[in-house]
Amino acid sequence: MLRFILHRFGHSLLLLFLVSILGFTILHLAPGGPLSQFALSPGMTQAELHKIAERMGLNRPLPVQWFDWFTGLVIGDWGHSFRDGRAVLDIIMGHLFATLLLVISSTILSVGLGTLVGVLGATRRYSAFDYLATVGAMIALSIPTFWFGLVAIYVFSLKLGWLPSGNMYSIGDESVLDYARHLIMPSCVLALVQVAIWSRYMRSSMLDVIDQDFVRTARAKGLARSRVLYAHILRNALIPMITLLGIQLPTLLSGALVTETVFTWPGIGRLFLDSLGYNDYPVIMGVLMFTAIFVLLGNLIADILVASVDPRVRLE
Amino acid sequence: MTTVLTVEDLSIGFRSEGKVVTVVRGVNFKLEAGQTLALVGESGSGKSVTSLGIMGLLPPPPQSRTDGRIILHGDQDTDLLTLPEAGMRRVRGDRIAMIFQEPLTSLNPVHTVGAQIVEAIRSHRRMTRKAARARAIDLIEQVGIPDAAARLGSYPHELSGGMRQRIMIAIALALEPDILIADEPTTALDVTVQAQIIDLLRRLQADTGMAMLFITHDFGVVADVADRTIVMYAGEMVEEGSTDTVLGRPLMPYTRGLMSAVPKLQTAGLKQGELQTIDGFVPDPANLPTGCSFHPRCRHMREGLCDVPPVPLEDAGDRHMVRCKRWQDLAEASG
């Protein structure tokens, strides 16, 4: 087990190294370049731009710039924002809480609801409920998130006035209840698509297990229906879901971008979008690396969890 | 002899594309305590469906339809077909237990074998976990697995196919059922392991006096285990009798065909490597031939006789039943 973790850890470091090269290269291939932000300042001259580039080391060859940045990454100095000069890591951490709050609450909601809908759909296959859930999931998956977000704001903020239309808290309030009121709409909108995905996966995973021989054995033993369902079917059907969660959860860190933008939620997704708009290269690269680390970590944790609930899986 | 189960005129159908297709028709038999009845037939003959019908493990209506009666005898007789699910649940595992063809997939991979035995016991008996574990160790010993206490913590994938089938048997025997249904329990196993499992089942039957319903397509196994034998074809009983009679003096051409399709090391009168087979396929239950269902595949078919219904099950004497219009001619012809 320890060997497996160390092995995977080494693997992950190698991957991060590659991601850093790839991300850095692609970003610098994009038109504009890191200086475009400064070029917009009124009265900026070519000579001054050159001076800025020299001061910031932007006129050095790309590999040298990359090496400089990467060594900083390793020792925890992720560079400084072109916009306000703050340390990148501080900026990311400042947005992390908002994103985690949104992602975790919507994941709890979507995993819980998705599992329930999937299980009910599988145990009542071809029933009216199953049909409705299937159609509902298709609708949720085919309509873009921002549209749901805008409709929710229109209905619940504008028309009914029940919930705030954006931001994480009201200035001057900041109580738990206030946070909660701000959280409801974005986390529900973000969860909507996730519920659809989860319920579909859960349903098909359940159906894979329901027809297995050991389920027939469990029934032949005269076990109660609920025991067959939970101890035998669900227990096996949840195993592939852990892997799915390990992949899905970290991508939400930056993948909640649309939801965060619609609801002006101060999370990492919005930070990423804003930084792209400003050509704020250090922050863009920082968010990229941060997300990559979470994805790899999520997968590693998922693998360990799968091994601990499935005795057939041995971590070598 | 005590009769523990009576199956009367059992018919089972499945709903398919709006129509009910009957796959088992008019099956009658009795199970006696301490005795073994073999149900023999090809795939699709209805033998496994019959056993699942007895266990109440068929898909619920309207997907399936059952007619007839399945009487479980005891302090009072119960018709299992009219028993509600809660009552049926108490019968399953406790009064009637079942083992299956695929020991490799019949145990839950994520629970230890100990947990799976204990679960069977505790779902029917008020017993502490500790007492149930002690009983599980006894059972594992009883089915001939060494180092029983250590095996309790094993997962199914850590055991061989033969071992897993022994665990299945231990689970089935946990509550000392009156009836054990064994659905091709040795088909998936190596020949040597097969013999061990059959020996084990026979020994356990002698110890407990349970009745066994043994489902198989293998006449070698039938000769080994069964007191009486029923041959099934296309959902119907086509021959029934004591195993000695059915195997020694088969009357139905289908039974003879099945028996000569069994590979033997030496078969008198046959060239080496030549194996007799029955031409054709088991008919589609939605589209059975008229008259005798076997007539399109039968070498002895007479037009105007065999393809005309009804073809009743006739008594050839000494409780030897056969469903064939020509059994008397054929018996004379073969001497």
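**Entry 1. α3 and α6 of chain B**

I looked up how α3(B) and α6(B) lie to each other in this predicted model and found them roughly parallel, because angles under 35 degrees count as such. Helix α3 (residues 113–122) of chain B packs against α6(B) at an angle of about 20°, and their axes are 8 Å apart. Axes here are lines fitted to C-alpha atoms, for helices over the stretch in contact, and angles run from 0 to 180 degrees between N-to-C directions. Helices (H or I, at least four residues) and strands (E, at least two) are DSSP runs, numbered from the N terminus.

The crossing of α3(B) past α6(B) is right-handed; a crossing has this hand if the near helix is turned clockwise from the far one by less than a right angle, and is left-handed if anticlockwise. From α3(B), the contact takes in Val113(B), Gln116(B), Ile117(B) and Ala120(B), and from α6(B) Ile167(B), Ala170(B) and Ile171(B). Two residues are in contact if their C-beta atoms, placed from the backbone, lie within 7 Å. I sorted the contact of α3(B) with α6(B) by class and noted six nonpolar, one polar and no charged residues. Ala, Val, Leu, Ile, Met, Phe, Trp, Tyr, Cys and Pro count as nonpolar, Asp, Glu, Lys and Arg as charged, and the others, Gly among them, as polar.

**Entry 2. Numbering and limits**

I number residues from 1 along each chain as its sequence is written, with chains lettered from A and ligands numbered from 1 in the order in which they are written. Because this is a predicted model, local features need pLDDT of at least 70 and side-chain atom pairs count only at pLDDT 80 or more, while totals for chains, interfaces and linings use all residues.

**Entry 3. Nonpolar cores**

I next looked up the largest nonpolar core, which has 86 residues; Ile117(B), Ala170(B) and Ile179(B) have the most contacts inside it. Helix α6 (residues 161–173) of chain B gives the most to this core, namely eight residues. A nonpolar core is a set of buried Ala, Val, Leu, Ile, Met, Phe, Trp, Tyr and Cys residues joined through C-beta atoms within 7 Å. A residue is buried if 20 or more other C-beta atoms lie within 10 Å of its own, exposed if 12 or fewer, and partly exposed in between.

Leaving aside neighbours within four places in sequence, Ile117(B) is in contact with Ala136(B), Leu139(B), Ala170(B), Ile171(B) and Ala174(B). A second, separate core of 59 residues includes Trp69(A), Ala133(A), Ala237(A) and Phe272(A).

**Entry 4. Chain A**

I counted 14 helices and zero strands in chain A. Its C-alpha trace spans about 85 × 60 × 35 Å along the principal axes. Of the 316 residues in chain A, 33% are buried.

Helix α8 (residues 176–210) of chain A packs with α10(A) at an angle of about 130°, their axes 8 Å apart. These two helices, α8(A) and α10(A), are therefore oblique to each other. The contact joins Ser205(A), Met206(A), Val209(A) and Ile210(A) of α8(A) to Ile233(A), Asn236(A) and Ala237(A) of α10(A).

**Entry 5. Chain A against chain B**

I found 20 residues of chain A in contact with 23 residues of chain B. On the side of chain A that touches chain B, the elements that give two or more residues are α9 (213–220) and α10 (225–237) of chain A. The largest share of that side, seven residues, comes from α9(A). By class, the side of chain A that touches chain B has seven nonpolar, five polar and eight charged residues.

**Entry 6. Backbone of chain B**

Most residues other than glycine have a negative phi, and most peptide bonds are trans.

Ala234(B) has a positive phi of about 50° although it is not a glycine. Ala234(B) sits in the loop between β9 (228–233) and β10 (236–242) of chain B and is buried, with 23 other C-beta atoms within 10 Å. Arg319(B), in the loop between β11 and β12 (321–322) of chain B, has a positive phi near 55°. Arg319(B) is exposed, with 11 other C-beta atoms within 10 Å.

The peptide bond from Pro309(B) to Pro310(B) is cis, with omega near -5°. I placed Pro310(B) in the loop between α10 and β11 (314–315) of chain B.

How values were computed. Parallel < 35°, antiparallel > 145°, perpendicular 65-115°, else oblique.
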